[in-house]
Amino acid sequence: QIAEWKKLRDKPTVSQDGIHVELAANIGTPNDVNGVIDNGGEGVGLYRTEFLYMGRDKLPSEEIQYNAYRTVLENMKGKPVVVRTLDIGGDKELPYLDLPKEMNPFLGFRAIRLCLDRQDIFRTQLRALLRASVHGDLRIMFPMIATLGEFRAAREFLLEEKAKLKAEGKEISDQIQLGIMVEIPSTAVLADQFAKEVDFFSIGTNDLIQYTMAADRMNERVSYLYQPYNPAILRLVKNVIDAAHAEGKWTGMCGEMAGDSTAIPLLLGLGLDEFSMSATSILPARSQISKLSAADMKELAAKALQLGTAEEVAMLVQSMTN
Ligand code: PEP
Ligand code: MG
């Protein structure tokens with residue numbers, strides 16, 4: 001089996017009936033890029049930049065960030081790289097920011113909420129990203145977007161920093177795609193409105209499932225409610241993909257669900273364009289997809305959407321893919 005996977009390393013990802021999708025990797029540091037290349041990743045679908053901010057005693061400078069982003073873009077050699085802006089808060093803390101303790105950190109002051117408030121932090125990151133943009137195919141993604149107003153405000157900061165850098169004579173790419181994570185149910189429901197203004201969506205199922213099921217993703221006692229195959233989740237995913245396609249935009253997924261072998265047939269059937277997962281899952285996923293018919297998976301997904309429970313969906317997937 002490993003020999004079979006190795007042969008797929010430099011191949012595109014194509015279903016049995018000729019439908020192309022993109023398999024990308026989630027990374028946390030520039031060093032992870034080696035693993036992406038070794039495992040045949042077609043891009044980076046999620047670069048979690050919080051690690052640049054963690055494990056040090058003060059904020060990373062614009063220069064430190066620029067070097068990290070540039071390294072990733074250069075080493076990916078023109079393949080797409082989706083960089084997520086700072087997603088701190090929730091389970092990830094930054095001691096030097098000295099933020100007050102919250103009753104419900106996952107529902108609190110985190111990610112884009114913090115960035116829109118702490119403009120100094122956000123603008124520094126955006127400047128580093130914009131400067132790095134000439135070194136590859138950079139795509140910028142905002143985390144935890146709950147309203148269109150948040151997206152527009154964040155985009156405004158980006159445009160302001162871009163204008164300033166240009167005025168300073170810096171070269172900035174004009175091809176930077178700008179997207180959002182869809183990980184809050186309000187945004188998944190309102191995807192048709194967002195799709196008019198973003199270039200792409202990436203569905204963050206780790207949080208989307210947590211917020212849809214109202215079940216803390218860190219709490220073992222409610223882990224039975226973490227249900228990627230629940231038809232409620234599948235309907236949200238479908239809504240996001242369809243909304244993007246209606247506007248000619250693409251949708252990826254960067255939560256754990258994207259690399260799950262039971263979910264992959266459903267996601268292929270729902271028309272997901274990009275799957276971003278841990279690098280070591282890429283070749284098994286490419287092999288799995290090469291044996292699936294996208295047309296059959298479309299029928300599978302349509303049936304799954306009409307079921308009542310996650311267990312029924314998992315059973316249906318087993319019966320229709322074996
Ligand atoms: C997600 O929420 O699915 C996601 C990819 O982001 P994180 O796991 O970093 O919250
Ligand atoms: Mg998340």
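Asp 207 has its place in helix 10. This is a predicted model, and in it Asp 207 is buried because 22 other C-beta atoms lie within 10 Å, where the cut-off for burial is 20 or more. UniProt, in an unreviewed entry, places the feature "binding site" at Asp 207 and at Glu 183. The two positions are spread over 25 residues of sequence, yet they cluster in space, with a largest C-alpha distance of 5.3 Å.

Glu 183 is found in the loop between strand 6 (177-182) and helix 8 (185-189). Glu 183 counts as buried because it has 26 C-beta neighbours inside 10 Å. Not counting residues up to four places away in sequence, Glu 183 touches Met 144, Gly 204, Asp 207 and Leu 208.

The residues around ligand 1 are Leu 46, Arg 48, Asp 87, Glu 183, Gly 204, Thr 205, Asn 206, Asp 207, Cys 254 and Gly 255. By residue type, this shell divides into two nonpolar, four polar and four charged residues. Strand 3 (44-48) and helix 10 (205-213) each supply at least two residues of the shell. Helix 10 makes the largest contribution, with three residues.

The UniProt record also lists "binding site" (unreviewed entry) for Arg 48, Arg 84, Asn 206, Asp 207 and Arg 217. Among them, Asn 206 is found in helix 10. Asn 206 is partly exposed because 15 other C-beta atoms lie within 10 Å. Leaving out residues up to four places away in sequence, Asn 206 touches Arg 217, Gly 255 and Glu 256.

Arg 84 has its place in strand 4. With 25 C-beta neighbours inside 10 Å, Arg 84 counts as buried. Leaving aside neighbours within four places in sequence, Arg 84 is in contact with Leu 46, Tyr 47, Arg 48, Thr 49, Met 141, Pro 143 and Met 181.

The next element to follow is strand 3. Four of the five residues of strand 3 are buried, so this strand is largely enclosed by the rest of the structure. Strand 3 is joined to strand 2 (residues 20-27) by three bridges, and the two run parallel. Here Asn 26 stands opposite Leu 46 of strand 3. Strand 3 also pairs in the parallel sense with strand 4 (residues 80-84), over three bridges. In that pairing, Val 83 of strand 4 is the bridge partner of Tyr 47.

Strand 2 leads on to strand 9, with which it pairs in the parallel sense over four bridges. Within this pairing, Met 277 in strand 9 is the bridge partner of Ala 25. Strand 8 (residues 250-253) pairs with strand 9 as well, in the parallel sense and over two bridges. There Met 253 stands opposite Phe 275 of strand 9.

Which way do the residues of strand 9 (residues 274-277) point? Glu 274 and Ser 276 point one way, Phe 275 and Met 277 the other way, and all are buried. In a regular strand the side chains alternate between the two faces of the sheet.

Helix 12 (residues 263-270) is mostly covered, with eight of its eight residues buried. The buried residues of helix 12 include Ile 264, Pro 265, Leu 266 and Leu 267. After helix 12 comes Gly 271, whose phi is positive, near 90°.

Leu 267 also figures in the nonpolar core. In soluble globular proteins, nonpolar side chains tend to be buried together. The largest nonpolar core here has 93 residues, of which Val 44, Ile 180, Val 240 and Leu 267 touch the most other members. Helix 11 (residues 231-246) gives the most to this core, eight residues. Val 240, leaving aside its neighbours within four places in sequence, is in contact with Val 182, Ala 188, Ala 191, Phe 201, Ile 203 and Thr 251.

Methods
Residues numbered from 1 in each chain as written. Chains lettered and ligands numbered in written order. Predicted model: local features only at pLDDT ≥ 70, side-chain atom pairs only at ≥ 80, totals over all residues. Near = placed C-beta within 6 Å. Nonpolar A, V, L, I, M, F, W, Y, C, P; charged D, E, K, R; others polar. Core = buried A, V, L, I, M, F, W, Y, C linked by C-beta atoms within 7 Å. Buried ≥ 20, exposed ≤ 12 C-beta atoms within 10 Å, placed from the backbone. Contact = placed C-beta atoms within 7 Å. UniProt positions renumbered as here; feature names shortened; annotations may be inferred. Pairing = 2+ DSSP bridges.
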